[in-house]
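Subject: Structure handover

Hello,

Here is the structure for you to take over.

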Amino acid sequence: MSTFTAVELKTNWLVKQKDGEEEEWLSCSIPTNIHLDLIAHKKIPDPFLGFNELKVQWVAEKTWIYKTELPATQVPDGAVAVLAFDGLDTFATVKLNGTQILSSDNMWIGHRVDVTTMLNNKSNNVLEIEFDSALLRAREIEKQHPEHVWTGSNGEMARLAVRKAQYHWGWDWGPVLNTCGPWMPIRLEVYKSRVADLWTDVELDDDLKTATVHVHTELEGNHDARAIVRIGYQGKIVAEAVVEAGEDGIAHTTFQVQSPELWYPHGYGKQPLYEISAATYHDKIELHRMTKKIGLRKAELVQRPDKHGKSFYFRINNIDVFCGGSDWIPADSFTPRITEAKYRRWLELMVDGNQVMIRNWGGGIWEPDIFYGLCDELGIMVWQDFLFGCGNYPAFPAILKSIEDEAAFQLKRLRHHPSLVIYAGNNEDYQIQEQHHLEYNYEDKNPDNWLKTNFPARYIYEKILPEAVAKYSPSVAYHPGSPWGDGKPTSDPTVGDLHQWNVWHGSQEKYQIFDSLGGRFNSEFGMEAFPHLATIESFVTDKKDLYPQSHTLDFHNKADGHERRIATYMVENFRTRTDLEGFIHLTQLAQSEALMFAYRGWRQQWGDDRKCGGALCWQLNDCWPVTSWAIVDYYLRKKPAYYAMARVLAPLAIGVRRAHHDWSVVHARPAKTSEYELYLVSNQLTHVTATVELRYISISTGKEIQKSVVHKDVKVVPNGTTPIYAGTIDNEATEPHILAARLFVNGKVVARDVDWPQPYKYYGFENRGLSVKFNKDKSEIRIKADKPVKGLVFEEREGVLISDSAIDVVPGDEQVVKVRHFHGSEPLSYRYLGDNQ
């Protein structure tokens, strides 16, 4: 009996415009999309440069054909030949030897087509895929449904009719680049027997000492309906069994694993992965094997009434986890070129930054297997939105069926990943319902009624998707939307999750009060910042445009009203700069300060009966070189905010803060007094003994203005907050000064924090006496200052890794920054607040 063979059809493809001439065929390989192929053949300019985005809009309005030839194929007797398409973007008609074999209209569904009787065994086989314009098809579908209220934000609303990455229509951080093509692999498989699917349901005893692993194996083909199923760990077989499939083709077995090695988020334990496999045999010859890696863990979303309303936090293996992290968008407008190495760089960057959760945002893509596999390996918890974003989605029968099929396909693909801990039904669609006064009666529990309203997508979020999760991935929590909370207004801070955009958007509150604006779980918030100069220089094609308000720089910022919002936060807080490098630095400082205030305060609230269960900033990354809310830009250059977040999310962190005094509403009259507090936060599971120091240092002289406070033998509360000290500053009797806090464990500084009087524009930063010295091999930087320094930011040189940046330097406290992979003849450049004074 023949074994399973699979040939990935990567090379020897051709592509051309449908109405183009025969000589216009262009060579390509897959996975790909049309823009990548046209760029490779210099048929279009790079859309990421200058205004080139505008020059390539025509591409999305055309129909494109991809084709290849398969060699003559002899299918053995009793075997089948299948063409497997893992993903087609989006309206695709597939023909084999001139006969249509598939029509697809959903980017997120894979297809398997039996072509056993269609393959030529004496001549080549021609495989052809025609991709219609999703842009034009979407508009056609929109016109076919005038009964629906097509409303939302970002891009044109016809996008709501198409199961395709919504950011392809443009977003407030991304270009309009509407792609098509075979964006995922295509294979030719030949077999008599195969393992079609393999999955587990894991139950852990309350004491976590026994794992019950239910293994399910779907078998397909001409075989004896039996398979050998194994669980292995570190190369050793833990358990195995011979299983036999029932009439439905599925075999079931159960294993008990004693003293299991449990999977934890990084910082809370290790990330051991067991290997589960199923193999079919004939006469002791293996025909096909499927292998997956699984993690044994118990994940809970804890939602219970408490003094703050209703909790919203995650518990992994009986440990409460504060979920500090980021929101994720696709890392490129053209996702087929994101390599496994780049995915690893992105996700390792999260671990290095003390981030434990990533939210895969609903306007992006179902990421490839490598993304979730790396999250398993690295211990990053995944919040996965279903792919709906910022719109009132239609619910006509055909799209509901497509959504059901998509949910089943993706949930089955991903259900073995221990990193996945929550699915959310959409991104901000309930906000659209509120803003546009669409019909939503939470008390009406009849799904048929929901379809009759002008907000029919409720049927998707509160019936189709939760039923699919319960069926295919029952160990993962489901949440109807992000944000959402028990049918209450999405701005309710007492329940569910919250998108807090009243800093930057909305009422444009001061970022200094970010923590007071939060809810039970803050799954979106942010502040824009320019990327580093090297990134700007990469897309500015005319050097005359290298100034902050240039046409090119404005074009590479898609946020509505960004000029006014950036100006507001600059003018409120800093002495403004007009030179580009100085302006970049100020926007980046504003972002790092905003996110520091947010994370620092919300992590403190974790210790108050889990008042805040987590905070995910908008956003980790970019899909092209742009000014946005990203804390790391398209080229993986970290902005200062990345480092500020890493410090406040460290396993042990110290916080010092004086009460906010809103200088704007009191006509800049200074506060006579300021209350302040000092505290510690910890994610450690045992007590730590520490020493805490607080110093009061003049901004103008660098001298201590009063005796420091030292607390020794402090018992740090495990996985919570430890109040240390509180006091009052007499602002009329003391000169402007910083509060400089340090945390020592075993005599070593493990955390710092500095609180400054606000706003910075009122204070001079001249003559700081700053010393920045690199050692001989450039592996470390020693930093000290005679007077307090704010926001010391180092150059982000390609390939060079630094352990810290955006540093506040305090007299009498030398800091050492580690440098890895240094290259270049010159030391890293740097700048700090007021370096032009």
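**Cavities**

The second largest cavity has a volume of about 50 Å³. Please keep in mind that this is a predicted model. Eight names make up the lining: Arg600, Arg603, Val648, Ala653, Ile654, Gly655, Tyr679 and Val681. Helix H13 (580-606), strand E31 (652-658) and strand E32 (673-682) are the elements that each give two or more residues to this lining. Strand E31 gives the most, with three residues. By class, the lining of the second largest cavity splits into five nonpolar, one polar and two charged residues.

The largest cavity holds about 180 Å³ of space. Its lining has 15 residues. Nearest the centre of the largest cavity lie Thr200, Val202, Arg297, Arg415 and Ser475. Which strand gives the largest share of this lining? Strand E11 (residues 193-204) does, with four residues. Here the classes are six nonpolar, six polar and three charged.

Over the whole structure, the search finds six cavities of 30 Å³ or more.

**The second largest pocket**

Now to the open spaces. The second largest pocket has a volume of about 1,200 Å³. It is lined by 47 residues. Arg647, Arg752, Ser803, Asp804 and Gln815 are the ones nearest the centre of this pocket. Strand E37 (residues 748-755) gives the most to the lining, with seven residues. In terms of class, the pocket lining has 25 nonpolar, five polar and 17 charged residues.

**A four-stranded sheet**

One sheet is worth a look as well. It is open and has four strands, in the order E38-E39-E43-E41. The pairing is antiparallel.

For strand E41, the link to strand E43 (residues 815-820) consists of two bridges, and the two strands run antiparallel. Within this pair, Ile802 stands opposite Val819 in E43.

Two ranges tie the sheet to the pocket. Strand E43 covers residues 815-820, and Gln815 is among the residues nearest the centre of the second largest pocket.

Over to you.

Best regards

Definitions and conventions
Residues are numbered from 1 along each chain as its sequence is written. This is a predicted model: local features need pLDDT of at least 70, side-chain atom pairs count only at pLDDT 80 or more; totals for chains, interfaces and linings use all residues. Side-chain values use heavy atoms; hydrogens and water are left out. Two strands pair if DSSP finds at least two bridges between them. On a 1 Å grid over the protein atoms alone, a cavity is a set of points where a 1.4 Å probe fits but cannot get out, and a pocket is an open set with protein on both sides within 12 Å along at least five of seven lines; lining residues have an atom within 4 Å of a point. Grid points are joined across faces, edges and corners, and a volume is the space filled by probe spheres set on the points. Ala, Val, Leu, Ile, Met, Phe, Trp, Tyr, Cys and Pro count as nonpolar, Asp, Glu, Lys and Arg as charged, and the others, Gly among them, as polar.
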